[in-house]
Amino acid sequence: MRILVVCGAGASSTFVAQRLRRAAQERGLAWSTSAGTVQSLPIDVDSADVVLVGPHLADQVTEIRSRTRALGTLVVTLPPDACNGRDGTRTLSLVEAALTAEAAESASDAD
């Protein structure tokens, strides 16, 4: 699983990506995480299965989803306090829940 965390300038996304990577490793998940800015999306999104969008960019999520739809990339908006998590487990749970919901939706679409 390749996860890209984006924010406005790349600072908070770096912290979230590092913490998420550590939490995934502790759970034995082979996930890679990287950080970027919303401006880097045209380049970086090709290498991501999931894009986590900083809460301050929530007004851009619809546009980001439209830019990534053809790639099948899951786009998730982080909660306002996402940067406060010290160990990344909350963000890990958020990603796992989004992946589960997406799989369920795909299964119901196939029926």
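D49 is partly exposed, with a relative accessible area of 28%; partly exposed sits between buried, under 20%, and exposed, over 50%, using a 1.4 Å probe and protein chains only. Before I go on: this is a predicted model, where local features need pLDDT of at least 70, side-chain atom pairs count only at pLDDT 80 or more, and totals for chains, interfaces and linings use all residues. Residues are numbered from 1 along each chain as its sequence is written, and side-chain values use heavy atoms, with hydrogens and water left out.

What does the side chain of D49 meet in a salt bridge? The partner is R2, at 2.9 Å, N to O. A salt bridge here is a side-chain nitrogen of Lys or Arg within 4 Å of a carboxyl oxygen of Asp or Glu. The two residues are 47 apart: D49 is in the loop between α2 (41-44) and β3 (50-53), and R2 is in strand β1, residues 2-7. Helices (H or I, at least four residues) and strands (E, at least two) are DSSP runs, numbered from the N terminus. R2 is partly exposed too, at 36%.

How many salt bridges does the structure hold? There are 3. In another, R27 and E96 meet at 2.7 Å, N to O. R27 lies in the loop between α1 (11-26) and β2 (32-37), and E96 in helix α4 (residues 89-110), so this pair ties together parts 69 residues apart in sequence. E96 is partly exposed, at 22%.

Next, D81 and R90: their closest N and O atoms are 2.5 Å apart. D81 has 33% relative accessibility, and R90 has 47%, so each counts as partly exposed.
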